[in-house]
Amino acid sequence: MTEVAIRPLARSLAPLPEESLPGYLLRLSYRLGRSPARIGMLSGLSGMHHRLPGDYLLTLPTQLADAFAHTTRLSSAEAQSLTLAGSGLASAYAPLGATRLVQGRNHAAARSRWAINLSSRFCPQCLAGDGSPVQSALGGAWKLRWHLPVVFACLEHSNVLASACRRCHNPPNQPPGTERSGLLMQRAAAGLHPAQCRHPLLGSQSAMVGPKGCCGARLDQSPGKPSAMPAKDLERALALQLHINQYLFPTSSQPADRDRLFFNDLIAVSHLIKFSWPMGASLLHSAHLSSLIDDHVTAVVQQLDQQPRPGPRPSSPWSAPDDPAQCAALLAAANELLPHSHTGEAELRDLIQPLMRAALARLTPNLAASFRRMEFSPALARALARKINGFYHAGGHRGSKRRTPSRECLFEVEHVPALLPLSWMDTHFFTEFQDLLGTITNWNSRHLRRAASLKLAEMAGGGTWPECAQALSTPWNTAQQSLKAVKRVLGSDESREAFAQAVEQVARVLDEQPRRIDYANRRSILSSWHLPGANWIDICSGLETLRGRATSPGPAAATALIWAQVTQGDYLHSPALGAIRSSGRSTAPVVTTVNQILHAAKCHRGEKAKLADRLRLYADLLADTCDRSEGSPQGAYPPFDLQLVQGDSRTTLFPPDQAHSQTGDAG
């Protein structure tokens, strides 16, 4: 950087409130009688070919900001306040905060995300100034907020912004042909008022051109005719802009991070309405606003239907409407579908789902995938999510589409067991539900309990059913079998609704519990646990008929049953049976023994029933040890005291429906 580049200018200007960097350069260059390119060179902003990169509108690198501040006699904070990041708008407007413009190359992507428009909208009255000597001579501020697609109206003057020159009908900073977008158009042109149109005119229009072949029309002069928007629609647009401004400029009572996904939701629903139009026309109740969206959607649909051709690519169908009135109409329709406009998620889902299906039918697969990758608020994500048989659509075996919990829960996935305990079913599954199903057999009860646990996991943690199964340490194919079985059992909409309501009752009780069991912690501690031999000897003490015979229960069967009780899981998925499978041996003998113990517990007869009681007591001790443990399996081996068995108590912890008819590795 040369010495002249960092020398302070003889005269400078104080920035106006909310003034943008390109607007400041226009006013300063006009005052000094130099071109914006010359001012950029003197202040260190110009790079190769004296370009003024468009990414400087977002933020100024620290070294450049310091040099610019020194040259223009500003403080570094004042220099940065001319940018979207330095003014705080980037932190308040989520799409902009996630945008990185590197030498202008990501401008198209930024437009498609509704992050920024380099070509500013404008209010003619604001550009005319406030009547002060400085603004009368140099004009008012080109405001930073006008670069945001969600700003379409000026509340100070109660009008919809303009986006194009009234003479040449071109945007004020959209370069023709293939020229790369920069901070300013015609940056080398000197002598133009800051509010004059800088768009070049050629051919038959050349007779009207101003300096350097520019249009030269004054953008600070209103067309002289009233707004074409009816008064009622204008009032509605201004009210919406006021609502949006509350998020862009939060007060001390409204922190900047309040509803940080508001703009994501607003833009996403705007896309939904655009791509499903005219299905959402009923949201507006205004023929004029509907016609504005019609005009915008017509061009978008034509673009979607066109086959790719060589040459310059058209603008993205995801971009915001260039016309502020069209943008106001589209956002007004979207605002009617935001979660804050509805009292219940069921109502929101009923409105959203038809639009979603219509939009995805119009979009190509890659565009539909782009929509699914967007980040939404939990309420909107739940309304948008496609469901099949009550669960998030898995999109194939393991394709994840939505990680949003399907319900606002106080409990977490860790508090959900792999199989819903029978005590929970007895409490929360209503008699009417059981009447709908008919007789609940041992076969379908296990599937219902597993499906209920999967649904609870989806409520608390989100994700598709394969992801929920993974969170509960349930094999994917086992979860699939249970869901297929439940689909057959719950054959009617009435049955599926009753099932959903029953699981909702369980979720409510879990929310209200002050102390919840961490089943994930229990599963983790017991992931490789086996019943110690000394404990097994103590448990079998006095049960002489169970020792030494070929058909007598062994430690593996006892380990599987204890593990199932502590974790409320399926004993077929216990570490004991998993170790047997890994060794290549058959699990049939152990499965048969487990079923015999469960059958004896059901009949309350014989020494195997006594063994079931003792295993229940040991499981209680082990569960308490796990809950007091900090995650290490060490110490998860409580001693067994035979005196805990009181008389011939036959209170069993292993319900009869856990008995399986299988004698092998089914699961």
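Student: What makes helix 11 roughly perpendicular to helix 13?

Tutor: In this predicted model, the axes of helix 11 (residues 262-276) and helix 13 (residues 324-335) cross at roughly 105 degrees and come within 8 Å. Angles of 65 to 115 degrees count as roughly perpendicular, so helix 11 is called roughly perpendicular to helix 13.

Student: Which residues meet where helix 11 and helix 13 touch?

Tutor: From helix 11 come Leu 266, Val 269, Ser 270, Ile 273 and Lys 274, and from helix 13 come Leu 330, Leu 331, Ala 333, Ala 334 and Asn 335. Sorted by type, the residues of this contact are seven nonpolar, two polar and one charged.

Student: Happy to move on to charges. How do you know that Asp 570 and Arg 450 meet in a salt bridge?

Tutor: Their side chains have an N to O distance of 2.8 Å, and the cut-off for a salt bridge is within 4 Å. The structure holds 12 salt bridges. Arg 450 and Asp 570 also belong to a network of salt bridges with Arg 446.

Student: Why is it said that the pair Asp 570 and Arg 450 ties together parts that are apart in sequence?

Tutor: Asp 570 sits in the loop between helix 25 (555-567) and helix 26 (575-582), while Arg 450 belongs to helix 19 (residues 442-461), so the pair ties together parts 120 residues apart in sequence.

Student: And are Asp 570 and Arg 450 buried or exposed?

Tutor: Buried means under 20% relative accessible area. Asp 570 has 4%, so Asp 570 is buried. Arg 450 has 3%, so Arg 450 is buried too.

Student: What makes Glu 458 and Lys 455 separated by about one helical turn?

Tutor: Glu 458 and Lys 455 are three residues apart in helix 19, which means about one helical turn between them. They form a salt bridge, with the closest N and O atoms 2.6 Å apart. Glu 458, at 0% relative accessibility, counts as buried, and Lys 455, at 12%, is buried as well.

Student: Which parts of the chain does the pair Asp 627 and Arg 522 link?

Tutor: The side chains of Asp 627 and Arg 522 meet in a salt bridge of 2.7 Å, N to O. The pair links distant parts of the chain, with Asp 627 in helix 28 (residues 607-628) and Arg 522 in helix 23 (residues 519-525), 105 residues apart.

Notes: Residues numbered from 1 in each chain as written. Predicted model: local features only at pLDDT ≥ 70, side-chain atom pairs only at ≥ 80, totals over all residues. Heavy atoms only, no water. Axes fitted to C-alpha atoms, helices over the stretch in contact; angles between N-to-C directions. Helix = DSSP H or I, 4+ residues; strand = E, 2+ residues; numbered from the N terminus. Parallel < 35°, antiparallel > 145°, perpendicular 65-115°, else oblique. Contact = heavy atoms within 4.5 Å. Nonpolar A, V, L, I, M, F, W, Y, C, P; charged D, E, K, R; others polar. Buried < 20%, exposed > 50% of the residue type's maximum accessible area, 1.4 Å probe, protein only.
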